[in-house]
Amino acid sequence: MTAEFGYSADREEASAAQVRALEALLIEKGIITSGTVDKVLGYFESEMTPLNGRKIVVKAWTDPEFAELVVRDTPAAVAQLDLPIGMAGAEGEHLAAVANGPGVHNVVICTLCSCFPWPVLGLPPYWYKDPVFRSRAAREPRVVLAELGVPIPDDTEVRVWDSSGHSRWFVIPERPAGTDGMSDDELAALVTTESMMGVALAGASR
Amino acid sequence: MSGDHEHDDYDPEAGFHPSCVSDQARPTFDADWQRRAFGLAVALSEFGHYPWDAFQKELIGSIGSWQDAPADARGRWEYYQHWVAALSSVVDRNGLLEEGYVNPEDREGGVQHAG
């Protein structure tokens, strides 16, 4: 595979040069300023993080009315929380939550179109965008989940949700047993990005 | 960010990306150009140069062509190369770099630029 390395290093450099040239041209034409991309990236990296999703999940775990609303009308539920969701075009308005519970486990997939629910989960992990993850998760979700360390009992239904421009799905994982006396912060620490994608359980230690 | 390139030989047809079974808040971008390309695509959409759907359509097209090509006739899987291809297409299609392009905020009465 070392022969391939030179090839991909060239492609890397070509892509890097293409992006630099495009940004420079757009700045030169006055379409953006030299600070625009950093400002947008800064907003994403500081505000659109899994912390938002964790707050939504903890609220759903601790408030039955919210738990009911968040799956029925996700944007309305999210609007009740003081989250930095705005700046929309690219994401927020089509958020849709599905809840795991007894007998049901949900998994969210999407490789094709960058429809990850950024506002609540942050940016997707690298592997999420791999074609093989998406196609295998769609075809044989139980096998994939077992490989990821999440064996699903035979009598539990697995539902696979394909995120799209219309619905950016995320999962409300099940609240782990033995967490009754925990504070919201302690509960939030149990909620991983993976658990909100349905490829891990909340509170699963590694 | 060290260790991000340890999976450079990853072949998506062969199985899961190695990070798939060990990922916990793994860095999203392997290189700064990927981060810039991401930021550019989002920024241009946010400021009204094209709807996000238009970018997504280009990205779906680019990835679809890769998936439909015979395995020996296509390059290694690299998500952000598709992202860059989609960004270039959507910028071209919307004429951002053409003479006389008018910024959305300068368009009269919010009327969409026709040319």
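Which residues of β4(A) are buried on one side, and which on the other? I will come to that after saying what we are looking at, which is a predicted model, where local features need pLDDT of at least 70, side-chain atom pairs count only at pLDDT 80 or more, and totals for chains, interfaces and linings use all residues. Residues are numbered from 1 along each chain as its sequence is written, while chains are lettered from A and ligands numbered from 1 in the order in which they are written.

To the strand, then: Arg168(A), Phe170(A) and Ile172(A) are buried on one side of β4(A), with Trp169(A) and Val171(A) buried on the other, where buried means that 20 or more other C-beta atoms, placed from the backbone, lie within 10 Å of the residue's own. Strand β1 (residues 95-99) of chain A pairs with β4(A) in the parallel sense over five bridges, pairing requiring at least two bridges found by DSSP, and Leu95(A) stands opposite Arg168(A).

Turning to chain B, its pLDDT, the predictor's confidence in each residue from 0 to 100, averages 74, and 69% of the residues score at least 70.

The axes of α2(B) and α3(B), lines fitted to C-alpha atoms over the stretch in contact, come within 8 Å and cross at roughly 130 degrees. These helices are therefore oblique to each other, since angles under 35 degrees count as roughly parallel, over 145 as roughly antiparallel, 65 to 115 as roughly perpendicular and the rest as oblique.

Methods: Buried ≥ 20, exposed ≤ 12 C-beta atoms within 10 Å, placed from the backbone. Helix = DSSP H or I, 4+ residues; strand = E, 2+ residues; numbered from the N terminus. Axes fitted to C-alpha atoms, helices over the stretch in contact; angles between N-to-C directions.
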